[in-house]
Amino acid sequence: MPKVIRSLSLSFLFFLLALTGFSQGRTVVDFDKGWSFQLGDIDDGQKTDLNVAGWRTLNLPHDWSIEGKFSKDNPATPEGGALPGGIGWYRKVFTVPAGSKDKQVFIDFDGVYQKSDVWINGHHLGFRPNGYISFRYELTPYLKFDGPNTIAVKVDNSSQPNSRWYSGSGIYRNVWLVTTNNDVSIGHWGTYVTTPQVSSSSATVHIQTNINTNNVKNKNLKLVTTIVDRNGKPAGSVVTPVYTKAPAMLHTVEQDIDVTKPELWSVERPYLYTVVSKIVQNGVILDRYTTPLGIRYFNFDADKGFTLNGKPMKILGVCDHHDLGSLGAAINTRALERQLQMLKAMGCNGIRTSHNPPAPELLDLCDKMGFIVMDEAFDCWEWKKAEFDYHVFFKEWHKRDLEDQVLRDRNHPSVMIWSIGNEIPQQSDTSALRIAPELAGIVRSLDKTRPITTANDNPGKNNKIIASGAIDLIGYNYHEFDYATFHDRYPGKKFIATETTSGLETRGHYDFPSDSIRIWPTRWDKPFTEGNADNTVSAFDNVRPPWGSTHEATWKVMKKYDFLSGFFIWTGFDYLGEPTPYKWPSRSSFFGIIDLAGFPKDVYYMYQSEWTDKTVLHIFPHWNWTPGKIVDVWAYYNNADEVELFLNGKSVGIRKKKGDDLHVMWRLKYEPGTLKAVSRKNGKVVMTREIHTAGKPAKIQLWPDRTGMRANGKDLSFVTVRILDSKGNVVPTADNLVNFKINGQGFIAGVDNGDENDHDSFKVNYRKAFNGLALAIIQAKEKRGDVSLTATSKGLAPATVVLHVK
């Protein structure tokens with residue numbers, strides 16, 4: 001992908017310039033700034049000559065739905081996030097440099113939700129219905145080089161419901177203007193890099209490059225391909241003549257480069273090379289294109305599970321939808337990076353792109369940070385799940401969309417599994433015998449280096465997808481009780497748990513007793529009339545839906561058998577839409593290990609204690625209760641033999657894990673004061689943790705995850721808001737309304753608190769705390785300077801934090 005060069009260091013860029021000269025041949029320009037937007041359709045007479053008087057000026061990416069009001073009456077329904085859809089128009093006026101007159105100019109959309117039509121200077125370029133796919137149009141024949149050009153985009157998200165979760169609406173991913181040489185250039189997604197032979201001593205890198213030629217008289221063309229390491233040093237190079245003969249306009253060149261003692265890409269050390277491809281003629285560079293390269297080898301084995309670079313390991317993954325909480329579906333690299341950093345700290349090493357192609361930035365980050373990706377294509381095929389979902393377009397568009405996904409994503413070392421469907425309604429119908437092999441054939445025609453799976457909620461013998469023989473990995477959604485007998489059902493087959501768990505929790509809420517399992521709802525097809533009056537769910541990891549399990553139950557099975565190659569938990573983060581077990585007034589999920597604002601729920605620390613070497617001692621719940629109430633206290637811990645708990649200085653007992661226990665528990669009569677936990681190994685103290693009874697709310701604390709931001713108009717700082725008592729303890733029941741005031745080179749991009757039932761807009765300058773916490777997301781402007789954020793609340797001491805935009 002050519003945009004990889006955006007993230008390279010200056011020293012690396014200077015190296016490339018020195019290596020190849022200053023004739024760039026290709027430019028990739030951020031095309032996000034300065035768009036006009038109008039919500040609502042326009043008259044037919046305006047569609048080719050738009051009058052934007054009264055339209056709003058904004059920068060992309062943009063999601064107009066997240067700016068709306070929550071309502072059960074919105075056509076998306078609470079299942080789709082209870083936010084408005086509709087039709088929106090975008091328009092941008094731009095000029096093209098005179099030097100581009102003899103070049104090719106393209107516009108690349110990373111994703112538009114959904115049903116987009118694009119015009120340039122009144123000429124209709126095309127229609128793409130899929131809201132998640134990336135696509136390109138050539139602008140060259142319709143451009144004006146002596147005046148302004150107008151590009152217009154209609155986005156139609158009015159046919160609803162069309163999703164089982166929050167989709168967002170608009171040009172919600174990045175847009176790029178790409179200019180290349182007219183006579184000869186490397187094609188769109190024009191390289192395919194594989195590593196057919198890899199060892200610790202050497203690796204063979206195979207590069208297939210597609211070259212477009214508009215002038216068959218081109219002579220003396222050479223394709224110069226160089227592999228560059230992370231320090232900017234060449235690791236290997238090859239030069240191949242390019243022969244152009246009429247009438248062929250597309251030429252494929254295949255090359256091999258041997259790398260001695262390669263640095264292997266792994267989840268612990270995700271080492272990245274860059275493949276630099278240059279078309280050169282008589283010493284002049286006509287085009288330059290860069291591709292990420294991670295040298296690694298992996299295998300799924302029917303008996304031994306998954307290995308990466310010969311090392312046995314389990315894929316410890318999560319599923320995630322594409323929304324970014326209060327930012328909505330509008331992509332932001334820093335917001336994605338924050339999510340992945342939190343998951344990495346938990347010990348997670350895998351991401352499933354549920355249930356559609358992700359933003360390119362997610363795969364870039366997974367390459368750099370060390371995550372194994374299951375790249376998923378479809379949530380349905382020909383049969384619907386929602387009235388207006390992708391089944392409407394599947395027959396006409398599935399081939400084009402799937403091809404584009406594989407071509408775009410196949411060079412990412414993080415991508416190790418293709419998924420061609422999630423819980424497909426046709427999995428038990430004979431039509432799957434036709435469709436599954438066709439989809440798998442499309443993938444294999446473009447990439448044979450990765451296994452193909454489907455996520456099956458009905459993985460039994462009547463599953464026609466599995467019976468078709470089209471997939472390489474048998475994907476189980478849930479059914480953890482069937483894992484042990486997998487090989488009895490599918491002898492010699494390879495296993496992946498494509499979706500598991502669906503545990504339900506509200507961050508900071510606790511119901512007692514904690515040692516009994518609640519099945520909410522009792523049946524998926526019946527109304528749920530039980531639960532809590534305030535639509536909360538206990539955070540003790542003891543509530544699950546009828547199709548799922550608790551986090552501990554699934555992990556106990558998964559860790560037991562080598563042939564279980566790994567799993568993807570539903571979900572890493574809460575997401576907008578699909579409220580379960582409740583319906584309205586709930587408007588977001590309860591499934592996340594981390595809540596919508598990015599605050600970990602308690603089960604986060606269970607995984608951290610199991611999946612990392614970091615010493616963990618986490619005790620919960622909070623210690624603010626009615627005197628005399630019977631309260632269960634849990635502890636997650638590792639690197640220790642035991643935990644002793646003290647209440648107001650008096651020991652209430654030592655607990656040790658027994659058998660396959662993942663936590664220990666005490667049942668106490670509440671009295672205010674201090675809970676203190678001490679973990680020990682061989683009698684020596686490993687870690688100590690304390691929880692104090694909090695007094696009344698007294699003050700606000702602001703804690704930014706970063707005090708510095710880049711002056712690029714996109715960078716973010718996530719500021720946690722804590723309500724404290726006079727002694728500095730978080731008040732775990734605080735729900736104070738906090739108002740924000742901001743000055744300087746930043747603005748409030750969103751506010752949140754993690755409450756699945758809060759109907760306040762995410763785009764205001766206030767938020768009620770939820771169980772003691774809230775969040776303000778600050779976005780940098782494009783000028784350097786300071787940003788001052790002040791938080792106030794009636795009766796509380798205010799707080800101010802200063803951020804620096806550099």
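Helices (H or I, at least four residues) and strands (E, at least two) are DSSP runs, numbered from the N terminus. The model is predicted: local features need pLDDT of at least 70, side-chain atom pairs count only at pLDDT 80 or more, and totals for chains, interfaces and linings use all residues. Residues are numbered from 1 along each chain as its sequence is written, and side-chain values use heavy atoms, with hydrogens and water left out.

Ser 185 lies in strand E11 (residues 184-198). Its relative accessibility is 3%, so Ser 185 counts as buried (under 20% relative accessible area; exposed is over 50%, partly exposed in between; 1.4 Å probe, protein chains only).

Helix H4 (residues 394-409) packs on H5 with the axes 9 Å apart, at an angle of about 30 degrees (axes are lines fitted to C-alpha atoms, for helices over the stretch in contact; angles run from 0 to 180 degrees between N-to-C directions). The residues in contact (heavy atoms within 4.5 Å) are tabulated below.

| Helix | Residues in the H4 and H5 contact |
|---|---|
| H4 | Phe 394, His 398, Lys 399, Leu 402, Glu 403, Val 406, Leu 407 |
| H5 | Ile 435, Glu 438, Leu 439, Ile 442, Val 443, Leu 446 |
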